[in-house]
Amino acid sequence: MGNPDASIRLALWGIGRVGRSFLRLLQEPAISPTALPGLPLEIVGIADSQTALLLEDQRNLGPIIERKESTGRLEIPPGSALAVAEWREWLSQARPDVLVDTSVADFESAQPAWELYRVALGSGVAVITANKPPLVHDLKGLIRLAARRGTWLRCGATVGAALPAWAFLDLLSRQEKICRMDVVLNGTTNWMLNEMESRGIGYGEALAEAQRLGYAEPDPTRDVQGLDTAAKLLILANGFWEETFFWSDIEITGITGLTHESLQSERDRGYAVKLVGRLAGEQGHRRLSVKPECLDAAHPLAALAGSQKGIYIETTTGGRYALTGGASGPGPTAASMLRELREWIEMKKRGDAEHRPW
Ligand SMILES: NC(=O)c1ccc[n+]([C@@H]2O[C@H](COP(=O)([O-])OP(=O)(O)OC[C@H]3O[C@@H](n4cnc5c(N)ncnc54)[C@H](OP(=O)(O)O)[C@@H]3O)[C@@H](O)[C@H]2O)c1
């Protein structure tokens, strides 16, 4: 961005719950404490799984969002946008400065998101994403590419929705050597474990209630088997540790085998059972695990209530730091992406040459 006052061209990939919340926050900066009033932004493209639009008239954004919400379709408002057949063409014609990904990729292929990021970062376009699979696939490779091209990748929304776990680690890892990280980053399982323990309900009842209240997906496999936490742990580990970690490096056990009796018995002994992702051990001997852990009352993550999340860090100089809280859901997730967008804009305006590429 040569001229700091020039408008920023933003392309949005995915316009589901998070994508629409993100666009709404951009349109109504007053409702977001993180939004910059008068953000000099131009939305140059929007895509869903069927249609990729190039936008020519910002006034049509509201109707596009409303139509998508009511019909499920991304429609072309007359005379204001054109559709392209394929994402490469969309990206090259939209010419964004920043690509915001709120789409859903599958974990098996991570496509097309991973390839999209490669092309975007490779052309110097910054990427802000909420989409985990491309990062699980190869975050280190994407970071290296961003560094080579002098651009930026941000993915805080993938590891804790609104909880700024990524920014927290970014700050601490610049100043200290981290020797242990514990995370509770799956709100669904934290909610279920709390309900099982406090109300004495069984696993099946807690899951059914979580689904009824919208905390759990209709297919809860990724949450209850610990796979969602493992993906977040892997993203943080590859984001902030020198080594490259792989999925196969993580020992994973979910919460499906737990009973309310076992949780209550641990509580009576002074422990809280949480689904903990942990990275510990020296370089060359790191251990990554996701499993139910009995945390004693002094552990900062032991008291996480409801669907709260948290991250706890120990450093080699004896530092102990914890960050907890952070709302879940599309609105807070979109707000955290907006925070990263603002950070990127401010960094570009400062002409910050020494920035990290992530
Ligand atoms: N919801 C949350 O609270 C939350 C929290 C943290 C992170 N996230 C992450 O944020 C992302 C979005 O979540 P969401 O709840 O907004 O999901 P969603 O409502 O299902 O929306 C997903 C959007 O991605 C689009 N999409 C899917 N495949 C695509 C493709 N190949 N190319 C282009 N667009 C594609 C979908 O298109 P169609 O509209 O055509 O189906 C839809 O617009 C996910 O990666 C999720 O894991 C969500």
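I started with the contact between α8 and α12, where L193, M196 and E197 of α8 meet H260, L263, Q264 and R267 of α12. Contact here means heavy atoms within 4.5 Å. I took helices as DSSP runs of H or I with at least four residues, and strands as runs of E with at least two, numbered from the N terminus.

A note on the source: this is a predicted model, where local features need pLDDT of at least 70, side-chain atom pairs count only at pLDDT 80 or more, and totals for chains, interfaces and linings use all residues. Residues are numbered from 1 along each chain as its sequence is written, and side-chain values use heavy atoms, with hydrogens and water left out.

Next I looked up the geometry of that pair. The axes of α8 and α12 (residues 260-268) come within 8 Å and cross at roughly 75 degrees. That makes α8 roughly perpendicular to α12. For the wording, angles under 35 degrees count as roughly parallel, over 145 as roughly antiparallel, 65 to 115 as roughly perpendicular and the rest as oblique. The axes are lines fitted to C-alpha atoms, for helices over the stretch in contact, with angles from 0 to 180 degrees between N-to-C directions. By class, I have three nonpolar, two polar and two charged residues in the contact of α8 with α12. Ala, Val, Leu, Ile, Met, Phe, Trp, Tyr, Cys and Pro count as nonpolar, Asp, Glu, Lys and Arg as charged, and the others, Gly among them, as polar.

Then I turned to α8 (residues 187-199) and α9 (residues 203-212), which pack at an angle of about 130 degrees with their axes 9 Å apart. That makes α8 oblique to α9. On the α8 side I found W191, M192, M196 and R199, and on the α9 side Y203, A206, L207, E209 and A210. This contact of α8 with α9 has seven nonpolar, no polar and two charged residues.

R95 has a positive phi of about 50 degrees although it is not a glycine. I found R95 in the loop between α3 (87-94) and β5. R95 counts as exposed, at 53% relative accessibility. A161 is another non-glycine with positive phi, near 50 degrees, and sits in the loop between α6 (156-160) and α7 (165-175). A161 is buried, with a relative accessible area of 10%. The cut-offs are under 20% relative accessible area for buried, over 50% for exposed and partly exposed in between, using a 1.4 Å probe and protein chains only.

Last entry: the peptide bond from Q111 to P112 is cis, with omega near 0 degrees. I placed P112 in the loop between β5 (98-101) and α4 (113-122).
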